[in-house]
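Dear colleague,

I am handing over the structure below, and after it I set out what was found. Please read the notes with the structure open beside them.

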Amino acid sequence: MTTAPETLVAVVERELPFPPEKVWRALTQQHLLEEWLMKNDFAAVVGHKFSLRGDWGGVLSCEVLALEPHKTLSYSWNFPHDDPAFDTRTVVTMTLTPTAKGTHLRMEQAGFRKEQKQAYGGAKAGWAQFLGKLEQVLAKVN
């Protein structure tokens, strides 16, 4: 019997003072996604393949894996790289839970190999920044 290799999961959570419907729009509309995450050609359709293009020059290859409007969005987050420490094949899952004051957002990026500690640490720090920008975008859109 073989067991799956151990992987690391980056988790960042935020309490947002906005309803899940508004948060969902910012997670799934291209122009809003670009404001807080990266340039993209995203579409909220299972199976849709899209790219995220970072200001740092990197391009992520992604595919929508699952979605349940206003609740859950999951997509692959692959970064092909010659250095195995940065060659990531992960899955990002955003889970929205309504709260009395808005929405609890849980971002999980799963699949970092144990030798990818730098990429894993970068993801945790990066997502904290991205979600901070998301909150700013939500504050200024209707």
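Glu68 is partly exposed, with a relative accessible area of 40%, and in this predicted model it forms a salt bridge with Lys71, their closest N and O atoms lying 3.6 Å apart. Lys71 counts as partly exposed as well, at 44% relative accessibility.

This pair belongs to a count of five salt bridges. Another of them joins Glu108 to Arg106, with 2.5 Å between the closest N and O atoms; Glu108 is partly exposed at 24% relative accessible area, and Arg106 is partly exposed at 30%. A further one links the side chains of Asp87 and Arg89 at 3.7 Å, N to O, and here Asp87, at 18% relative accessibility, counts as buried because the cut-off for buried is under 20%.

Turning to the helices, H3 covers residues 117-140 and reaches 35 Å from its first C-alpha to its last, close to the 34 Å expected. Its buried residues, among them Tyr120, Trp127, Phe130 and Leu134, pack against helices H1 and H2 and against strands S1, S5, S6 and S7.

The largest pocket holds about 520 Å³ of space. It is lined by 23 residues, of which Met38, Trp56, Leu60, Trp77 and Phe130 are the closest to its centre, and the elements that each give two or more residues to this lining are S5, S7 and H3. H3 supplies the largest share, eight residues, while the lining as a whole divides into 12 nonpolar, six polar and five charged residues.

With best wishes

Notes
Residues numbered from 1 in each chain as written. Predicted model: local features only at pLDDT ≥ 70, side-chain atom pairs only at ≥ 80, totals over all residues. Heavy atoms only, no water. Helix = DSSP H or I, 4+ residues; strand = E, 2+ residues; numbered from the N terminus. Expected span 1.5 Å × (residues − 1). Buried < 20%, exposed > 50% of the residue type's maximum accessible area, 1.4 Å probe, protein only. Contact = heavy atoms within 4.5 Å. 1 Å grid on protein atoms, 1.4 Å probe; cavity = no way out; pocket = protein on both sides within 12 Å on 5 of 7 lines; lining within 4 Å. Points joined across faces, edges and corners; volume = space filled by probe spheres on them. Nonpolar A, V, L, I, M, F, W, Y, C, P; charged D, E, K, R; others polar. Salt bridge = Lys/Arg side-chain N within 4 Å of Asp/Glu carboxyl O.
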